Amino acid sequence: MSNSSASVLILFAHPALEKSRVNRALMEAVRDLDGVTFHDLYQQYPDFHIDVDREQSLLRQHRSVVFQHPLYWYSCPALVKEWVDLVLEYGFAYGEGGDVLDGKHWLSAISTAGTLRAYCEKGSNQYTIREFLRPFEQSALLCNMRWLPPYVVHNSQQISDPELDRAAENYRRLIERLRDRPDVSVPAGQHSYINKWLEQEPAGGN
Ligand SMILES: Cc1cc2nc3c(=O)[nH]c(=O)nc-3n(C[C@H](O)[C@H](O)[C@H](O)COP(=O)(O)O)c2cc1C
């Protein structure tokens, strides 16, 4: 699981993986990539007893951090919140001497049952995904990290197999891009989702 020369750390969190279709497909597309550490938080910590030293050591070893999870109540599953609360300590992630995460990427890769149209001012959820993710964006900024627009797979109950295959393939391309171009910059102001940016990027381009 852990690879000391890896550049991308995927913090994967799904409380009911046996029922998952979308995150399972995304997971299978990336978990064996070279240079990527796939870290399944619910598998590691089913009792929520997070090993903070181990998690901080993983963070030190990687240049990009990806939080992959389904959207739960417009936020993350509980273990991700617990992880953030415990691992991103003062003096480590922020505050005096807290410079370990400086310049690393923070990417949220999430799935939602709601459609893209439901996530806007006039939609049933009233707010965009970017608005719901603001606590994460600001946490990344506090830690002096480089926040990337999120990778989002909507409409999880209705998405067709070919669409899901494409979403998983694109996710794999994105993770490879982060691995191979650790200095990649995606203006968060120009792209609400990184999915759009990825479509414009030439395949394998540098
Ligand atoms: C407890 C719970 C809360 C959820 N909250 C939301 C939500 O706020 N917005 C949304 O669009 N979908 C919500 N969903 C649906 C999940 O996001 C959706 O089932 C998941 O993204 C599908 O991915 P999977 O196939 O990997 O499980 C929720 C599901 C559960 C079980």
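A search of the whole structure, which is a predicted model, finds seven salt bridges.

**Exercise 1. Determine where the salt-bridge partners Lys81 and Asp85 lie, and whether each is buried, partly exposed or exposed.**

Step 1. The side chains of Lys81 and Asp85 form a salt bridge with an N to O distance of 2.9 Å, which falls within the 4 Å cut-off for such a contact.

Step 2. Both residues belong to helix 4, which covers residues 78–87, and they are four residues apart, or about one turn of the helix. An α-helix has 3.6 residues a turn, so residues three or four places apart point the same way.

Step 3. Lys81 counts as partly exposed because its relative accessibility is 45%, and Asp85 counts as partly exposed because its relative accessibility is 44%.

**Exercise 2. Identify which parts of the chain are linked by the salt bridge between Arg146 and Asp183, and classify the accessibility of each partner.**

Step 1. In the salt bridge between Arg146 and Asp183, the closest N and O atoms are 3.8 Å apart.

Step 2. This pair links distant parts of the chain, since Arg146 is in strand 5 (residues 146–147) and Asp183 is in the loop between helix 7 and helix 8, 37 residues apart.

Step 3. Arg146 has a relative accessible area of 29% and is therefore partly exposed, whereas Asp183, at 62% relative accessibility, counts as exposed. The cut-off that Asp183 passes is over 50%.

**Exercise 3. Compare the span of helix 7 with the expected value, and list the residues of this helix that are buried.**

Step 1. Helix 7 has 20 residues, and the distance from its first C-alpha to its last is 28 Å, close to the 28 Å expected at 1.5 Å a residue.

Step 2. The buried residues in helix 7 are Leu164, Ala167, Ala168, Tyr171, Leu174, Ile175, Arg177, Leu178 and Arg179.

Step 3. Arg179, buried in helix 7, meets Asp180 in a side-chain salt bridge of 2.8 Å, N to O. Asp180 is partly exposed, because its relative accessible area is 47%.

**Exercise 4. Describe the largest pocket by its volume, its lining and the elements that supply that lining.**

Step 1. The volume of the largest pocket is about 540 Å³. Its lining has 17 residues, and those closest to the centre are Val152, Val153, His154, Asn195 and Glu199.

Step 2. At least two lining residues come from each of strand 6 (151–153), helix 7 (161–180) and helix 8 (194–200), and helix 7 gives the most, with four residues.

Step 3. Sorted by class, this lining has seven nonpolar, six polar and four charged residues.

Conventions. Residues numbered from 1 in each chain as written. Predicted model: local features only at pLDDT ≥ 70, side-chain atom pairs only at ≥ 80, totals over all residues. Heavy atoms only, no water. 1 Å grid on protein atoms, 1.4 Å probe; cavity = no way out; pocket = protein on both sides within 12 Å on 5 of 7 lines; lining within 4 Å. Points joined across faces, edges and corners; volume = space filled by probe spheres on them. Nonpolar A, V, L, I, M, F, W, Y, C, P; charged D, E, K, R; others polar. Buried < 20%, exposed > 50% of the residue type's maximum accessible area, 1.4 Å probe, protein only. Expected span 1.5 Å × (residues − 1).
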